[in-house]
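These are my notebook entries on a single chain. I set down what I looked up, in the order in which I looked.

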Amino acid sequence: MTDKADRENHEIGLANIKSTAAKSDVSVMSFKDMWQARYPGAYYNVMDTSRIDGSLWGRNDYPWDKYFSNNADDSVLDWKPSGGAEPAMLDSKVQVKINSTIGKKAIVVPPELEEKMKNDPELAKSVMAKVEGFIAEQDIMNPNPRKGYLIALDENGDIAHACVTSEKMSVSSAEFIEARKAREEKHAEYERLAEESALKCKPMEQEADARYYQTSITKKVVSAAAYEAAGILK
């Protein structure tokens with residue numbers, strides 16, 4: 001074998017090793033790695049946002065722009081309105097905050113969930129699928145390509161809070177998280193009703209089969225008796 005052939009075989013072997021390693025890495029990627037591989041430049045924070053009053057997420061003055069950092073300050077968890085009326089959406093300070101998030105993505109993961117996902121890669125994949133589905137759904141509802149996404153997960157991997165921004169617009173949790181939950185609950189109810197209907201149909205089908213079988217047996221018995229009476233069967 002020539003030196004050239006040896007080199008080519010060596011290079012092919014290295015390529016196969018790298019390919020196998022890459023595939024193995026994908027199968028054990030952390031949720032953070034999956035998130036940032038899927039959305040390059042996206043921000044990731046581990047924080048327990050369950051202590052935040054749900055009504056605050058929808059306020060125009062809530063500092064959700066602070067989460068667009070890989071080291072968000074814990075002060076966002078204890079934020080309270082400074083007093084006075086809530087600023088309007090078109091308030092200059094609100095617009096500056098919105099514009100600072102446009103084209104960016106940030107996710108907040110509770111410490112409990114992150115620990116669960118470290119020990120359960122399938123859970124991490126499932127949570128990632130939920131997040132991707134949510135973003136895709138919002139992109140369909142509002143095709144404006146210049147949007148910002150802030151997503152906060154709960155300890156079970158569900159989307160607890162979210163904020164979607166675009167030029168001169170901000171839509172927060174109460175306006176679509178609840179609507180999404182309602183759609184999911186309605187879908188689950190449809191599936192439950194369909195399953196109940198299927199279960200009801202099955203016994204009815206079995207009963208019809210039993211009646212048919214019994215009728216067939218009866219007919220055969222009657223026919224046999226008639227034949228015997230006529231001297232056909234002995």
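**Entry 1. Ground rules and overall make-up**

I took helices (H or I, at least four residues) and strands (E, at least two) as DSSP runs, numbered from the N terminus. On that basis I found 6 helices and 5 strands in the chain. Read from the N terminus on, the elements run α-α-β-α-β-α-α-β-β-β-α.

I note that this is a predicted model, in which local features need pLDDT of at least 70, side-chain atom pairs count only at pLDDT 80 or more, and totals for chains, interfaces and linings use all residues. Residues are numbered from 1 along each chain as its sequence is written, and side-chain values use heavy atoms, with hydrogens and water left out.

I then looked up the totals. I used buried for under 20% relative accessible area, exposed for over 50%, and partly exposed for values in between (1.4 Å probe, protein chains only). Of the 234 residues, 29% count as buried. The chain exposes about 15,100 Å², of which carbon and sulfur atoms supply 55%; these areas come from the Shrake-Rupley method with a 1.4 Å probe, and for residues only the protein chains shown count as cover. I counted a contact where heavy atoms lie within 4.5 Å. Among contacts in the chain with a separation of 6 or more, 65% join residues 24 or more positions apart.

**Entry 2. Strand pairing**

I treated two strands as paired if DSSP finds at least two bridges between them. Strand S1 (residues 43-46) and strand S2 (residues 105-109) run parallel and are joined by 4 bridges.

S1, helix H3 (residues 92-99) and S2 make a right-handed β-α-β unit. Right-handed here means that, with the strands pointing away from the viewer, the path from the first strand over the helix to the second runs clockwise.

On to strand S3: does it pair with S2 in the parallel or the antiparallel sense? S2 and S3 pair in the parallel sense, over 4 bridges. The bridge partner of Lys105 in S3 is Tyr149.

S3 (residues 147-153) also pairs with S4, in this case antiparallel and over 7 bridges. Lys147 stands opposite Ser166 in S4. S3 and S4 form a hairpin with 5 residues between them, and I noted a positive phi of about 90 degrees for Gly157 in the turn.

**Entry 3. Cover on the strands**

I asked how many residues of S3 are buried. The count is 7 of its 7 residues. Both faces are covered, with Lys147, Tyr149, Ile151 and Leu153 on one side and Gly148, Leu150 and Ala152 on the other. Strand S4 (residues 159-166) is mostly covered, with 7 of its 8 residues buried.

In strand S2 I examined Ala106 and Ile107. Ala106 counts as buried because its relative accessibility is 0%. Leaving aside neighbours within four places in sequence, Ala106 is in contact with Trp35, Tyr43, Tyr67, Phe68, Tyr149, Leu150 and Ile151. The C-alpha atoms of Ala106 and Tyr149 are separated by 6.1 Å, although the two are 43 residues apart along the chain.

Ile107 also has 0% relative accessibility and therefore counts as buried. Not counting residues up to four places away in sequence, Ile107 touches Phe31, Trp35, Tyr43, Tyr44, Asn45, Val131, Ile151 and Leu153.

**Entry 4. The loop between S1 and H3**

I looked up two residues here, Thr49 and Gly54. Which of the two categories, buried or partly exposed, applies to Thr49? Thr49 counts as buried because its relative accessibility is 3%. Beyond its neighbours within four places in sequence, Thr49 is in contact with Trp57, Tyr67, Leu77, Val108, Ala152 and Leu153. Gly54, at 44% relative accessibility, counts as partly exposed.

**Entry 5. A helix pair**

Two packed helices are described by the angle between their axes and the distance between the axes. Helix H4 (residues 111-119) and helix H5 (residues 121-141) pack at about 120 degrees, with their axes 5 Å apart. H4 is therefore oblique to H5. The contact is made by Leu113, Lys116, Met117 and Asn119 of H4 and by Pro121, Leu123, Ala124 and Val127 of H5.

For the terms, axes are lines fitted to C-alpha atoms, for helices over the stretch in contact, and angles run from 0 to 180 degrees between N-to-C directions. Angles under 35 degrees count as roughly parallel, over 145 as roughly antiparallel, 65 to 115 as roughly perpendicular and the rest as oblique.
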